[in-house]
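This briefing is meant for someone looking at the structure for the first time. It begins with a question and then moves through a few topics in turn.

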Amino acid sequence: MSDKYTDKLIGELRKLESQKKLSLLAEYSVDEKIEDEDIYLISDQEGKKSELRVFETDFEKAEDCSSEASLLGFLKTNSVIRVDKWEYAKLSKKRGYLLTVSEAAQRIEAPLSPEEAVKLGTDITSALEECHMTGLLHLCITPSSLRRADDGSYKITDFGTVRIDPRPNDFSAPEYRALKDFDHRSDIYSLSLSIYSLLGGNIEDGEELKPIDGCPQGLIDVLRKACSSDPEERYAFMRPFGIALERCLGGETVDDDDSENDDSDEVYEGNDGEDCFADRADYENSEREKPELDDLFEEEAESVEEDIIDEDEEEDDDEEQSDENDGGDESEDKESSDSPQLWDRVECSRARAAGDIILMIIIALALLAFPAVIKLLSC
């Protein structure tokens, strides 16, 4: 297919295609370049639009990126843009191109209205919550990784790209920049700053988020809490962050004092069916045990292990009860030891079955011979 747009990189990829080193791009036409990065809008023979990303990297990093991106196929959420196809074109021992093809969705232009920003936040927090519970961290959330679908819903892309380029960006959490003790709360920080930026706010390193004209203070407070420099001051998980976003437009704030005095019974049901709390203060003040994220991942494995142990203990108890029923004195133990073992019983059964077959053959032969014997006697 002929390209509507070309540059040095696309020319090199087409050359690799002619050399039979690349096949993915053969079924697509390159329409335009989307950003300064190597991202292109492409279309297939039926005119369906997709997004092509090209990374120059080594095979090991490309494999890590693709493996992580492939895990997205197991998620139930529709708010994550998955990689539909990928291919690695090797140029040398340590250099090559990773090509990925995914759904084409609109980029979001600032400023968003507060209502749209809240919808963006709730859609993305719901998607990231499922990702985090499966052990996937994004760690590269920026406004450019957030997209708007044709139906008006919001989606997130760029999963796995941190495997290729782990360098922090302007939206990275402080602990990730320091490469020290970062976890799922680093994504909460980056998402909060991205939403603030899309509202029209200016990101200044190390400065508290400032009010934005026309934006409710409650929304700013939620975002400010979510991007606290101390991870312990942020929301515990993505879902409480999303719920706080939903509540903020109704005039409710997320200050710790207000949340402690809140008479609302609003909670959400977590993946384990237990009540989870809409605010970190409620969560911290509860009597429920606070599991770490890794503990949540290991709960099911521990539960399975406990079931196995219980089954083994039950089998041991059954064996002890069986021994007691067989008798406790030495004479009964002796009689038990003299009884045939399982394999002996099988051999006995086989012998009896063989004897029965031989007997049936003899009877059949006798019946066949019986008329002849009668005729002989009559003569």
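How many bridges join β6 to strand β7, and in which direction do the two run? In this predicted model, β6 and β7 (residues 146-148) run antiparallel and are joined by 2 bridges.

**The sheet and its helix**
- Strands β6, β7 and β8 form, in that order, an open sheet of 3 strands with antiparallel pairing.
- Because β6 (106-107) and β8 stand at the edges and each has a single partner strand, one side of each is left without a neighbour in the sheet.
- Helix α3 lies across β7 and β8, and runs at about 45° to β8.

**Nonpolar cores**
- The largest nonpolar core holds 43 residues, of which Leu 120, Leu 146, Leu 191, Leu 223 and Phe 241 touch the most other members.
- Two or more residues of this core come from each of α3 (114-133), β8 (154-156), α5 (184-198), α6 (217-226) and α7 (238-248).
- Apart from this core lies another one, of 17 residues, including Leu 22, Ile 42, Val 54 and Val 101.
- Leaving aside residues up to four places away in sequence, Leu 191 touches Ile 124, Thr 125, Leu 128, Ile 141, Leu 146, Met 238 and Phe 241.

**Around Lys 21**
- Lys 21 sits in the loop between α1 (8-18) and β1 (29-33), and is partly exposed, with a relative accessible area of 43%.
- Not counting residues up to four places away in sequence, Lys 21 touches Leu 16, Glu 87, Ala 89 and Lys 90.
- Lys 21 and Leu 91 are 70 residues apart along the chain, while their C-alpha atoms are separated by 8.7 Å.

Terms used:
Residues numbered from 1 in each chain as written. Predicted model: local features only at pLDDT ≥ 70, side-chain atom pairs only at ≥ 80, totals over all residues. Heavy atoms only, no water. Core = buried A, V, L, I, M, F, W, Y, C linked by side-chain atoms within 4.5 Å. Buried < 20%, exposed > 50% of the residue type's maximum accessible area, 1.4 Å probe, protein only. Helix = DSSP H or I, 4+ residues; strand = E, 2+ residues; numbered from the N terminus. Contact = heavy atoms within 4.5 Å. Pairing = 2+ DSSP bridges. Axes fitted to C-alpha atoms, helices over the stretch in contact; angles between N-to-C directions.
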